[in-house]
Amino acid sequence: MAVFVYAENINGVYKKAAFEAVSYAKAVADQNGDTVTAISINPTDASDALYKYGASKVINIKDGGLKNFSAKAYAQALSEVIDGKIIVFPHTTDASSVAPMLAVMKNFSLITNVLEAPESQSPLQVKRRAFSGKGFMHAKAEGEGVIITVSQNAFGVKENAASGTEEVKELTISNEDTKVISHEQSSGKLDLKEAEIVVSAGRGMKGPENWGMIEDLAGVLGAATACSKPVSDIGWRPHTEHVGQTGKAISPNLYIAVGISGAIQHLAGVNSSKTIVVVNSDPESPFFKSADYGVVGDAFQIIPALTEKIKALKG
């Protein structure tokens with residue numbers, strides 16, 4: 001039986017999270033000698049992008065009524081197509097709201113924020129993040145089937161090319177409950193939740209006019225930019241860049257925090273980062289307790305100098 005995976009797209013285009021989810025589904029399928037079937041809703045990208053990471057079949061759901069996202073409507077559409085016992089989702093904002101809806105519809109177990117391929121299959125047991133990323137647990141699925149959401153930047157994107165086939169499913173799902181009030185889209189080049197390097201800053205920057213040096217450092221590192229909640233609240237940066245307990249939870253390989261005190265609400269959104277570097281003029285800043293590397297000093301001197309050093313290293 002196939003392992004199913006929801007290949008999320010944004011405006012029809014597959015993102016890194018979709019490829020990571022397919023890569024994870026392929027690892028699960030290989031443990032059982034199964035195949036991978038990827039499902040997407042109204043994609044415009046070619047299915048070749050999913051075959052590259054192990055999908056041997058792609059089902060494209062076509063439904064004009066699903067142009068606007070609705071967790072309930074998307075879950076209903078997936079429920080009508082999926083007939084397997086293992087379903088993989090990326091742990092993105094939208095997919096993480098669809099997964100529990102689908103779990104209820106199918107009476108499946110739900111395990112979120114999974115980090116690694118299953119430790120066992122009968123019953124299925126996996127390692128996941130817990131307590132806002134402060135700890136780990138080994139969760140066991142005991143339902144009729146299981147839905148897994150894969151933590152972004154945890155398992156990784158792994159090429160495992162397969163020869164695939166494509167099927168189109170025409171559906172008409174009721175989506176009358178969805179009304180788009182407003183939609184704020186990040187203007188950044190990189191998706192913050194998918195970025196492997198993030199440069200973030202807080203009120204220590206003293207004003208929005210000083211953010212150029214943060215963007216310059218991000219530019220030379222190929223990083224996304226982020227900010228603390230107070231910064232977005234006072235309008236220095238857009239809300240799409242806010243990371244923390246009430247913002248976006250991210251897990252990059254490298255998180256550089258400049259002029260951020262490190263309140264527990266902020267840490268809840270970033271402590272899954274593999275490496276944290278803190279730059280702050282206050283040696284008593286609580287963020288240093290959570291940092292892998294800390295630099296005490298004036299960010300207005302340190303960050304431009306660091307940017308120039310990296311430029312020089314890159315030739």
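## Ser273 and its surroundings

In this predicted model, Ser273 touches Ile250, Ser251, Pro252 and Tyr255, leaving out residues up to four places away in sequence. Ser273 sits in the loop between α7 (264-270) and β16 (275-280).

Is Ser273 buried or exposed? Its relative accessibility is 8%, and buried means under 20%, so Ser273 counts as buried. The side chain of Ser273 also reaches back to the backbone oxygen of Val270, at 2.6 Å.

## The chain as a whole

The protein chain has eight helices and 17 strands. Its C-alpha trace spans about 60 × 40 × 40 Å along the principal axes. For 315 residues, a compact globule would have a radius of gyration near 20 Å, and the value for the protein chain, 21 Å, agrees with this.

Of the 315 residues, 50% count as buried. The protein chain exposes about 14,900 Å², and carbon and sulfur atoms supply 50% of that area. Among contacts between residues at least 6 apart in sequence, 64% join residues at least 24 apart. The protein chain carries 30 positive and 34 negative charges, and the mean positions of the two groups are 3 Å apart.

Val220 belongs to helix α5 (residues 212-221). Which residues does Val220 contact, leaving aside its neighbours within four places in sequence? They are Thr307, Ile310, Lys311 and Lys314.

Val220 and Glu308 are 88 residues apart in sequence, while their C-alpha atoms are 9.0 Å apart in space. The relative accessible area of Val220 is 15%; this is under 20%, so Val220 is buried.

Ser122 and Pro123 are joined by a cis peptide bond, with omega about 0 degrees. Pro123 is in the loop between β8 (120-121) and β9 (124-130).

Two asparagines have a positive phi although neither is a glycine. Asn11, with phi near 55 degrees, lies in the loop between β2 (9-10) and β3 (13-14). Asn42, with phi of about 55 degrees, lies in the loop between β4 (36-41) and α2 (48-51). Asn11 has a relative accessible area of 64%, which is over 50%, so Asn11 is exposed. Asn42 has a relative accessible area of 25%, which falls between the cut-offs of 20% and 50%, so Asn42 is partly exposed.

Definitions and conventions: Residues numbered from 1 in each chain as written. Predicted model: local features only at pLDDT ≥ 70, side-chain atom pairs only at ≥ 80, totals over all residues. Heavy atoms only, no water. Helix = DSSP H or I, 4+ residues; strand = E, 2+ residues; numbered from the N terminus. Buried < 20%, exposed > 50% of the residue type's maximum accessible area, 1.4 Å probe, protein only. Polar contact = N/O pair within 3.5 Å; in protein donor to acceptor, adjacent residues only side chain to side chain. Contact = heavy atoms within 4.5 Å. Rg over C-alpha atoms; globule rule 2.2 N^0.38 Å. Areas by Shrake-Rupley, 256 points an atom, 1.4 Å probe, with all protein chains shown as cover. Lys, Arg positive; Asp, Glu negative; His and termini not counted. Charge placed at Lys NZ, Arg CZ, Asp CG, Glu CD.
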